[in-house]
Amino acid sequence: MARLVEPPVEPAEATLHFRLGGRRFGGLGDDHLAAVLTAEERAAFERDGFLTIPGALDSRDVERLTEAADRLVADERARHGLRPADMVSRFSVIRFDPAFVELVDWARTFPKVWDILGWNIQLYISHLVEYPPETWGGAQCRRPVWHQDSGRPVLELERPAPRLSVKVAYWLTDTRIPDAGAMEAVPGSHHLDAPPAEANDPGWDGVTRLCAAPGDATIFDRRLWHRHGRNLSDTVRKALFFGYSFRWLRPLDYTHAPPRLLARCDPVLRQLLGDGRTEVGWYQPQPADVPLREWLVEHRGEAALWKPPSTQPLQ
Ligand SMILES: O=C(O)CCC(=O)C(=O)O
């Protein structure tokens, strides 16, 4: 007999690829409060468009995340017929391993994100990039190209372009080794509409290589002109990029976070994974939509909340 009501179908993009077991995720605490953005960090971020956080991950974190990354990369290689020499770029990694979910509200980085973008935010991308040595002769997903982040907004926004989002890069391998794939950036270029003409000149000193130890993190403004560096070393470069944006933007790597995952997350993490409680709440957040705001008021006080650029009343 035909079913009168079809069972709800989980959208493909909401599939969870790991067992939840008894796990629960999320929870802000004192470690977060200890890592809020300092005045010096804010000044550096505003000036350069990026900020490096040494030791954002300790060696056990790096080990756990590297194992998770290696498992996911092996699956991706098998699924897409990629050779070890080929670059792997995988979005939406939070659906593939609990270790990645734990990074979303990471104590040593996330407080800096809320101090840069405020409380009306979400994760919009969780991205793994494995970049083997070019000498292995693999197909690179893309040649190093100077770019700003986010796709169409880069083209469609009127100028001057607003910040909209930031990314936190977690470096899992050592990019202090020369030419080991350290990301390159033009400090201060987040106010430019095009990369400086000299940026492709190898002799120009306006490019910074974000040389990082395993476990370091870099927060960068989406408008920063950046590109992945060449990897001419004999080591595979591994990095994770977690992007946060205002909640009124659509996420880039999911339409719905897996409902089974959301059910195991605390309210703030649910907010960060794109959940909302009211229909109007992406544009006009109600208290239930943005538990991060309530947590910050409770633990830091109303006066410490991020100040939006405008103070005009909302209608
Ligand atoms: O892989 C890199 O170093 C750069 C990544 C990047 O360009 C990005 O996440 O937008």
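**Reading the model**

Tutor: A residue counts as buried if 20 or more other C-beta atoms lie within 10 Å of its own, as exposed if 12 or fewer do, and as partly exposed in between, with C-beta atoms placed from the backbone. Please note that this is a predicted model, in which local features need pLDDT of at least 70 and side-chain atom pairs count only at pLDDT 80 or more, while totals for chains, interfaces and linings use all residues. Residues are numbered from 1 along each chain as its sequence is written.

Student: Which residues does Tyr124 touch, not counting residues up to four places away in sequence?

Tutor: Two residues are in contact if their C-beta atoms, placed from the backbone, lie within 7 Å. Tyr124 touches Ser165, Gly243, Tyr244, Ser245, Leu249, Pro251 and Leu252. Of these, Gly243 is 119 residues away in sequence, yet the C-alpha atoms of Tyr124 and Gly243 are 5.5 Å apart in space.

Student: In which strand is Tyr124 found?

Tutor: Tyr124 is found in strand E3. Helices (H or I, at least four residues) and strands (E, at least two) are DSSP runs, numbered from the N terminus.

Student: How many bridges join strand E3 to E9?

Tutor: Strands of a sheet pair through backbone hydrogen bonds, either parallel or antiparallel. Two strands are said to pair if DSSP finds at least two bridges between them. Here, ten bridges join E3 (residues 121–131) to E9, and the two run antiparallel. Within this pairing, Leu123 stands opposite Tyr244 of E9. Strand E4 (residues 165–171) is also antiparallel to E9, through seven bridges, and Val168 has Phe242 as its bridge partner in E9. As for cover, nine of the ten residues of E9 (residues 237–246) are buried.

Student: How many residues has the largest nonpolar core?

Tutor: A nonpolar core is a set of buried Ala, Val, Leu, Ile, Met, Phe, Trp, Tyr and Cys residues joined through C-beta atoms within 7 Å. The largest one has 67 residues, and Ile219 is among those with the most contacts inside it. E3 supplies the largest share of this core, seven residues. Leaving aside neighbours within four places in sequence, the contacts of Ile219 include Phe45, Leu51, Val113 and Val166.

Student: Which residues lie around the ligand?

Tutor: A residue is near a molecule if its C-beta atom, placed from the backbone, lies within 6 Å of it. Around the ligand are Val129, Asp149, Lys167, Met183, His226, His228, Ala239 and Phe241. For the classes, Ala, Val, Leu, Ile, Met, Phe, Trp, Tyr, Cys and Pro count as nonpolar, Asp, Glu, Lys and Arg as charged, and the others, Gly among them, as polar. This shell divides into four nonpolar, two polar and two charged residues.
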